[in-house]
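Me: I have a model open and would like to learn how to read it with you. Could we go from the whole chain down to single residues?

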Amino acid sequence: QVQLVESGGGLVQPGGSLRLSCLATGSIFNPNVMGWYRQAPGKERELVADITRGDKTNYVDSVKGRFIISRDYAWKTVGLQMNSLKPEDTAVYYCYVRDSSGLDYWGKGTLVTVSL
């Protein structure tokens, strides 16, 4: 079975940085996309960033220029370097992998809190 496990969340001050990592285990047939979603209490889950087989990256407007997504060529890890963090970035961050059929695999999430 497929498992995705996030790490790296925690408490950080505004303007600080965190790096999230996700490790995928098990077999994912023909993965196409890896990425990160986030969800804050009372708000809808939103796509933060993803990266495709062609290494195209996509970022939500609010994090452009601050976050960088990366993955390994074997599709086993995906990272999210988060810089210049703002209180609005506070959320549970979920990593995911999407296969060629559109099926998504999800991690359980890691909490990022940006606060003084």
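Me: Happy to begin with burial: what share of the 116 residues in the protein chain is buried?
Reply: Buried means under 20% relative accessible area, exposed means over 50%, and partly exposed lies in between (1.4 Å probe, protein chains only). Here, buried residues make up 39% of the 116. Bear in mind that this is a predicted model, where local features need pLDDT of at least 70, side-chain atom pairs count only at pLDDT 80 or more, and totals for chains, interfaces and linings use all residues. Residues are numbered from 1 along each chain as its sequence is written, and side-chain values use heavy atoms, with hydrogens and water left out.

Me: Thanks! How many helices and strands does the protein chain have?
Reply: Both are DSSP runs numbered from the N terminus: helices are H or I with at least four residues, strands are E with at least two. This chain has 0 helices and 11 strands.

Me: And where do the nonpolar side chains go?
Reply: In soluble globular proteins, nonpolar side chains tend to be buried together. A nonpolar core is a set of buried Ala, Val, Leu, Ile, Met, Phe, Trp, Tyr and Cys residues joined through side-chain atoms within 4.5 Å. The largest one in this model has 28 residues, and W36, V48, F67, I69, L80, M82 and Y93 touch the most other members. Strands that each supply at least two residues of this core include strand 4 (31-39), strand 8 (77-82) and strand 9 (91-99).

Me: Which residues does L80 touch, not counting those up to four places away in sequence?
Reply: Contact means heavy atoms within 4.5 Å. By that rule, L80 touches L18, R19, L20, W36, V48, A49, F67, I68, I69 and Y93.

Me: What about T90?
Reply: T90 has its place in that loop between strand 8 and strand 9 too, but T90 is partly exposed because its relative accessible area is 24%. Beyond its neighbours within four places in sequence, T90 is in contact with A40, V112, T113 and V114. The T90 side chain reaches the backbone nitrogen of V114 at 2.9 Å.

How values were computed. A polar contact is a pair of N or O atoms within 3.5 Å; within protein, one must be able to donate a hydrogen and the other to accept it, and residues adjacent in sequence count only if both atoms are side-chain atoms.
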